[in-house]
Amino acid sequence: MDAASAIKGSLEMAEMIGMTYLGDLNDQELLQRPHPDCNHINWQVGHLIQSEHDMLEKLAPGSMPELPTGFAEKYTRETAASQDASQFASKDELMQAYQQQRAATLALLAKTPAAELDEPTGVDYAPTKGAMLRMQGEHWMMHCGQWVVVRRNCGKPVVI
């Protein structure tokens, strides 16, 4: 298996797990927090989408589609404490933004020559282009564990 295939597999696994955990949660449930000191799921998903956009746009300017108008302002450190649903995107809006960004991530991966995956980024947590692309799935997986707690608190079935 080549590096691009391994990265793509990592992204696909994270998507399968993340979308399975989010699948039957509604907008109100997305505002629940796994712990009072944690961010609610809606904010986490918005943060993941924005992070993917920002990181990969810096990696390859012009590669990512624009986020919806006002999206970045909804998902800042300052908004993380809010429980006001009107301050955040709906689940449908989040999923649409996610699909657009992830499609662009996969397109960027597909057109990046293998030799470029080892090029440095200057970023400690993702020191190469390949690591930055791979991190998109890993970042989602970091947050998915919190969503299981919310699912249990909501009485949702075990799905994975």
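Begin by selecting L22, V45, I49, W140 and W147, which touch the most other members of the largest nonpolar core, a set of 26 residues in this predicted model. Then colour α1 (3–22), α2 (41–59), α4 (91–111) and α5 (129–153), the elements that each give two or more residues to this core; among these, α2 gives the most, with five residues.

Next, centre the view on L22 and display its contacts: leaving aside residues up to four places away in sequence, L22 touches L30, I41, V45, K91, M95, W140 and W147.

Now move to L56, L109, L117 and A126, which are included in a second, separate core of 16 residues. In soluble globular proteins, nonpolar side chains tend to be buried together.

Zoom out to a cartoon of the protein chain, where the secondary structure comes to five helices and zero strands, giving the pattern α-α-α-α-α along the sequence. The C-alpha trace spans about 45 × 35 × 25 Å along its principal axes, and the radius of gyration of 16 Å agrees with the value near 15 Å that a compact globule of 160 residues would have. Of the contacts with a separation of 6 or more, 71% are between residues 24 or more positions apart, while buried residues make up 44% of the 160 residues.

Notes
Residues numbered from 1 in each chain as written. Predicted model: local features only at pLDDT ≥ 70, side-chain atom pairs only at ≥ 80, totals over all residues. Heavy atoms only, no water. Helix = DSSP H or I, 4+ residues; strand = E, 2+ residues; numbered from the N terminus. Rg over C-alpha atoms; globule rule 2.2 N^0.38 Å. Buried < 20%, exposed > 50% of the residue type's maximum accessible area, 1.4 Å probe, protein only. Contact = heavy atoms within 4.5 Å. Core = buried A, V, L, I, M, F, W, Y, C linked by side-chain atoms within 4.5 Å.
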